[in-house]
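I opened this notebook page to record what I looked up in one structure. The entries follow the order of my reading.

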Amino acid sequence: MSVVVANLSASDNYFQFFGLNQQFKIDLSALDQAYLAIQKEVHPDRHARGSDTDQRLAMQMATFANTALQTLKNPIQRGLYLCGLHGVDAKLETNTAMPAAFLMQQMEWRESLDDYANDLAALETLMTEVEQSKQIILSEIAQAIDVDSSYEKAAELLRGLLFIDKFAAELDDAISALV
């Protein structure tokens, strides 16, 4: 019987918890390896014969590890988390202001989605364009956070990325309906 370590990490910070540098660009395989190592230690099944306190701690640590993993694996959630660590709230619910060029691009994509609703090749071409745009914004977010420490700019870019992600999901649904 093993005893659960009450504080696997000296911090509630997800990056420190997994032993990763606090940055936007992370090594996802290192994240997965750290997660598996922690889960191996705290998995509730491993502590099934422990005291009630040990079982509860194991469950709490496993839950924390799962939440931390999901946050850091998702680039939008990771970016929002990093902004939050630096005191910047992206105000997703209240701040929907976006640059005019970004809004025009969104309108063009929506029109294309409507115009090509039954044209698989055109929709796949549009998806390529959307994915390229997403990669550009991810690079800009990495620059804003990892190089410039500009969390306000990162928050603005992340708000835009949420729009692109939502559109990409709708586009993916349209493509799936034709396949």
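**Entry 1**

I began with E170 and K166, which both lie in helix α7, four residues apart, about one turn of the helix. I took helices as DSSP runs (H or I, at least four residues), numbered from the N terminus. The model is predicted: local features need pLDDT of at least 70, side-chain atom pairs count only at pLDDT 80 or more, and totals for chains, interfaces and linings use all residues. Residues are numbered from 1 along each chain as its sequence is written, and side-chain values use heavy atoms, with hydrogens and water left out.

I then looked up how E170 and K166 interact, and found a salt bridge whose closest N and O atoms are 3.2 Å apart. A salt bridge here is a side-chain nitrogen of Lys or Arg within 4 Å of a carboxyl oxygen of Asp or Glu. K166 counts as exposed because its relative accessibility is 53%.

I recorded E170 as partly exposed because its relative accessibility is 26%. R110 is likewise recorded as partly exposed, with a relative accessible area of 31%.

I returned to the pair of E170 and K166, whose closest N and O atoms are 3.2 Å apart. Salt bridges that share partners join R110, K166 and E170 into one network.

**Entry 1: K73 and D32**

I read that the structure holds four salt bridges. One of them links K73 with D32, the closest N and O atoms being 2.9 Å apart. K73 lies in helix α3 (residues 52-73) and D32 in helix α2 (residues 28-42), so the pair ties together parts that are 41 residues apart in sequence.

**Entry 2: Q106**

Is Q106 buried or exposed? I found that Q106 is buried, since its relative accessible area is 8%. Q106 is placed in helix α5 (residues 100-115). Leaving aside neighbours within four places in sequence, I listed F163, I164 and F167 as the residues in contact with Q106, where contact means heavy atoms within 4.5 Å.

Methods: Helices (H or I, at least four residues) and strands (E, at least two) are DSSP runs, numbered from the N terminus. Buried means under 20% relative accessible area, exposed over 50%, partly exposed in between (1.4 Å probe, protein chains only).
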